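Here is a briefing on one protein model, grouped by topic. Please read it alongside the sequence and the coordinates.

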Amino acid sequence: MAGEAPELSAQERAGKAFPVSWDQFHRDCRALTWRLNEVGPFHAVIAITRGGLVPAAIVARELGVRIIDTVCIASYDHNKQGELQVLKGISEATMALGGGTGKGLLIVDDLVDTGKTGRMVREMLPDAHFATVYAKPMGRPLVDTFITEVSQDTWIFFPWDTALSYHPPLRDGAA
Ligand SMILES: O=P(O)(O)OC[C@H]1O[C@H](OP(=O)(O)OP(=O)(O)O)[C@H](O)[C@@H]1O
Ligand code: HPA
Ligand SMILES: [Mg+2]
């Protein structure tokens, strides 16, 4: 409607940007594994797709875990969170490995923001260990192990969502 302010995306509302390079992400995943190594061993890793796939691969490699499952959840459409949708649940074989409650299983995601996604997976596997690379304050209580906390008004830019581009000099109006 004319004159109506356009709805801001979660990314625009966040205000601050936290860009993460592949290098940094790999280092942070390795740091996460050092912490998880004290907690395991784990029978299997469950990646919350899609963002959890990359850290899950790195963590599983470091921990020597070869059984990897996925729970496929869609929520943010680009950068606006809608209703959560479970597109694929955890397999019966993985559920059995965790005794039905997730004991000895490791859930991995790239980050927790509001905690909605993490809460949904925790409900499926209440005894599993939940690890993320990054955490924002609202989601932090849901996570057992994470590496870096950023403020709630920060948007994390992951390397698989970004590309190098020209940035104008500060005196030409760059923020
Ligand atoms: O704590 P929350 O507020 O629920 O947000 C965190 C979730 O949001 C992102 O996933 P997204 O739904 O964007 O899907 P993707 O992993 O496929 O990019 C991120 O990878 C987490 O899974
Ligand atoms: O800060 C974020 N960055 C990328 N994806 C996200 N999904 C929820 N919060 C974020
Ligand atoms: Mg995700």
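A residue is buried if 20 or more other C-beta atoms lie within 10 Å of its own, exposed if 12 or fewer, and partly exposed in between, with C-beta atoms placed from the backbone. Helices (H or I, at least four residues) and strands (E, at least two) are DSSP runs, numbered from the N terminus. By these terms, Val54, Pro55, Ala56, Val59 and Ala60 are buried in H3. This is a predicted model: local features need pLDDT of at least 70, side-chain atom pairs count only at pLDDT 80 or more, and totals for chains, interfaces and linings use all residues. Residues are numbered from 1 along each chain as its sequence is written, while chains are lettered from A and ligands numbered from 1 in the order in which they are written.

**Confidence**

- pLDDT is the predictor's confidence in each residue, from 0 to 100.
- The mean pLDDT of the protein chain is 92, and 93% of its residues reach 70 or more.
- The model scores are ipTM 0.98 and pTM 0.92.
- Where pLDDT is low, the predicted coordinates should not be read in detail.

**Overall fold**

- The protein chain holds 5 helices and 8 strands.
- Their order along the sequence is α-β-α-β-α-β-β-α-β-α-β-β-β.
- The C-alpha trace spans about 55 × 40 × 25 Å along its principal axes.
- Of the 175 residues in the protein chain, 30% count as buried.
- Two residues are in contact if their C-beta atoms, placed from the backbone, lie within 7 Å.
- Among contacts in the protein chain with a separation of 6 or more, 59% join residues 24 or more positions apart.

**Nonpolar core**

- A nonpolar core is a set of buried Ala, Val, Leu, Ile, Met, Phe, Trp, Tyr and Cys residues joined through C-beta atoms within 7 Å.
- The largest such core has 33 residues, of which Val45, Ile46, Leu106, Ile107 and Ala131 touch the most other members.
- At least two residues of this core come from each of helix H2 (22-37), strand E2 (44-49), helix H3 (53-63), strand E3 (68-77), strand E5 (105-112) and strand E6 (129-135).
- E5 gives the most to this core, with 6 residues.
- Leu106 is in contact with Leu36, Phe42, Val45, Ile46, Ala128, His129 and Ala131, leaving aside neighbours within four places in sequence.
- In soluble globular proteins, nonpolar side chains tend to be buried together.

**Strands E5 and E6**

- Two strands pair if DSSP finds at least two bridges between them.
- E5 and E6 run parallel and are joined by 6 bridges.
- Leu111 stands opposite Tyr134 in E6.
- E6 is mostly covered, with 6 of its 7 residues buried.

**Helices H3 and H5**

- Just after H3, Gly64 takes a positive phi of about 75°.
- In H5 (residues 116-124), Thr117, Gly118 and Val121 are buried.
- Seen down the axis of H5, the buried residues fall within an arc of 95°, so they line one face of the helix; the arc is that of the directions from the helix axis to the C-beta atoms.

**Annotated binding site**

- UniProt positions are given in the numbering used here, feature names are shortened, and annotations may be inferred rather than shown by experiment.
- The UniProt annotation "binding site" (unreviewed entry) covers Asp113, Thr114, Gly115, Lys116, Thr117, Trp155 and Ile156.
- UniProt also places the feature "binding site" (unreviewed entry) at Asp113 and Ile156. Although spread over 44 residues of sequence, they cluster in space, with a largest C-alpha distance of 9.8 Å.
- Asp113 lies in the loop between E5 and H5. Asp113 is buried, because 24 other C-beta atoms lie within 10 Å.
- Beyond four places in sequence, Asp113 touches Lys136, Met138 and Gly139.
- Trp155 is found in strand E8 (residues 154-157), and Ile156 is in strand E8.
- Trp155 has 19 C-beta neighbours inside 10 Å, so Trp155 counts as partly exposed.
- Ile156 has 21 C-beta neighbours inside 10 Å, so Ile156 counts as buried.
- Leaving aside neighbours within four places in sequence, Trp155 is in contact with Gln11, Ala14, Ala17 and Phe18.
- Not counting residues up to four places away in sequence, Ile156 touches Phe18, Val20, Leu111, Tyr134 and Val150.
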